Amino acid sequence: MNSKTKVDCCADGHEGPALILTDALARILAEVQPVAGSETLAVRSALGRVLAADVVSRINVPSHTNSAMDGYALAGAGLAPDGETRFEVIGTSAAGRPFHGEPGPGECVRIMTGAPMPAQTDTVVMQENVTRDGDAAIVGAGQTPGQHVRQAGEDIAAGNVALRAGTYLMPAHIGVLASIGVSEVAVLRRPRVAFFSTGDELRNVGEPLGEGQIYDSNRYTIYGMLTRLGVDVVDMGVIRDDRDEVERAFARAAAEADAIVTSGGVSVGDADYVAETLERSGTIGFWKVAMKPGRPLAFGRIGDGLFFGLPGNPNSVMATFYQLVQPALQALAGRPDPAPPVTMPAISASALRKKPGRREFQRGVLSRGPDGRLVVHKTGHQGSGVLSSMAAANCFIVLPEDAGPVSEGDEVEVQPFAAFV
Ligand code: AMP
Ligand code: MG
């Protein structure tokens with residue numbers, strides 16, 4: 001590895017310097033193969049899934065050459081080169097009720113949007129450009145032969161691939177499948193992701209808190225992020241800070257899931273058995289990423305499963321999940337080009353503390369200022385344990401590795417949360 005891809009910034013006990021975030025993501029994605037195995041689902045149930053095979057259309061879309069406007073269908077060759085032209089209206093073609101006659105020279109057909117073009121016609125004149133005189137239609141000057149007609153197959157031609165294998169099915173895609181008359185499609189199976197929290201201090205909601213205890217919130221944010229991502233989840237609960245318990249949990253998770261996400265226990269404190277267990281029973285890819293919040297962070301493999309050992313702090317969990325775990329799980333699901341969402345520039349309405357060294361993901365609220373420019377305010381205390389700053393936010397303020405403090409009025413990059421799901 002090139003030394004420029006690492007920065008010395010984080011003395012947290014694990015050997016070696018921290019990876020810069022983009023290199024960490026590249027190393028993770030290099031390890032990910034899409035899940036094998038597919039299932040056939042009704043088109044609506046395939047929303048949010050990934051196509052397992054190309055879908056070839058058996059029909060033309062549109063299935064017949066039709067009008068793009070309400071107006072009059074006629075043969076363009078019969079239009080006067082300049083000036084008005086008079087046509088006899090011999091019938092009507094409506095959507096679903098075609099006109100079966102054949103207009104001759106000097107004849108036209110009243111036509112509605114989506115209605116099939118009658119034989120011998122190739123041009124539609126919008127009704128706004130026509131004056132009626134009894135059964136005659138007087139077409140104004142300036143019409144172009146061939147205008148306002150949608151050709152059969154111009155959207156999708158019969159025999160062509162309508163959607164490629166690997167397409168992530170959004171609402172428009174299931175609409176396309178319906179438009180070619182497909183009722184079922186083969187999609188990749190969903191990745192299965194097991195997750196658990198580690199820590200003797202953690203209690204489940206509904207239990208009383210003893211001295212020094214806290215509620216396990218990470219298993220809720222992780223559940224939420226995984227569920228929004230559309231993977232199958234296996235919630236393994238809270239695992240105590242005990243070497244054997246952690247080791248057993250690893251084995252169980254690896255047997256059941258394609259990927260494992262844990263929180264806590266990855267530093268080198270006395271009770272941090274995740275790190276040590278991964279070193280013993282897995283393959284470690286890296287320990288540290290130069291991001292804040294988010295250290296330390298472990299990535300590796302247990303058996304065939306991808307392993308993400310996220311930090312314990314609630315904001316670190318969310319930031320590392322969105323920046324590194326989510327793209328990896330998207331790749332595992334077979335989605336094309338998984339990557340963190342694009343950033344966009346905004347004016348910082350807050351002064352922000354920042355030291356060069358790590359890429360920071362501060363929490364902000366993005367809005368449009370009175371001058372129309374995007375403005376971002378930071379949300380309260382930015383400590384890595386303060387989840388309310390995340391709950392109040394609608395974007396990350398992304399401060400690059402080499403950046404120092406930000407003054408009010410400086411331009412910063414933001415990553416809207418809406419782009420994550
Ligand atoms: P650790 O990395 O295990 O030392 O945890 C770092 C910090 O995050 C500690 O303050 C923990 O109490 C807290 N923490 C760890 N796991 C959770 C969790 N599941 N929910 C809420 N806070 C947690
Ligand atoms: Mg812990």
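Ala, Val, Leu, Ile, Met, Phe, Trp, Tyr, Cys and Pro count as nonpolar, Asp, Glu, Lys and Arg as charged, and the others, Gly among them, as polar. The legends below describe a predicted model.

**View 1. The shell of residues around ligand 1.** The shell around ligand 1 is made up of 4 nonpolar, 8 polar and 3 charged residues. Of these 15 residues, Glu201, Asp216, Asn218, Gly265 and Gly312 come nearest to the ligand.

**View 2. Polar contacts of ligand 1.** Glu201 places a polar side-chain atom 2.6 Å from an oxygen atom of ligand 1. A nitrogen atom of ligand 1 lies 3.3 Å from a polar side-chain atom of Asn218. Asn313 contributes a backbone N or O atom, 3.3 Å from an oxygen atom of the ligand. On its own, ligand 1 has 480 Å² of accessible area, of which the protein covers 75%.

**View 3. Aromatic pairs.** The count comes to 7 aromatic pairs. In one of them, the ring centres of Phe299 and Phe308 are 5.4 Å apart and the planes meet at 45°, so the pair is tilted. Buried means under 20% relative accessible area; Phe299 is therefore buried at 4%, and Phe308 is buried at 2%. Phe321 and Tyr322 form an edge-to-face pair, with 6.0 Å from centre to centre and 85° between the planes. Phe321 is buried, with a relative accessible area of 0%, and Tyr322 counts as buried at 11%.

**View 4. An aromatic cluster and a charge over a ring.** Phe196, Phe250 and Phe307 form one aromatic cluster. The charged end of Arg335 sits over the ring of Tyr168, at 3.5 Å from the ring centre.

Definitions and conventions: Residues numbered from 1 in each chain as written. Chains lettered and ligands numbered in written order. Predicted model: local features only at pLDDT ≥ 70, side-chain atom pairs only at ≥ 80, totals over all residues. Heavy atoms only, no water. Near = heavy atom within 4 Å. Polar contact = N/O pair within 3.5 Å; in protein donor to acceptor, adjacent residues only side chain to side chain. Areas by Shrake-Rupley, 256 points an atom, 1.4 Å probe, with all protein chains shown as cover. Phe/Tyr/Trp six-rings, centres within 6.5 Å; stacked < 30°, edge-to-face > 60°. Buried < 20%, exposed > 50% of the residue type's maximum accessible area, 1.4 Å probe, protein only. Lys NZ or Arg CZ within 6 Å of the ring centre and 35° of its normal.
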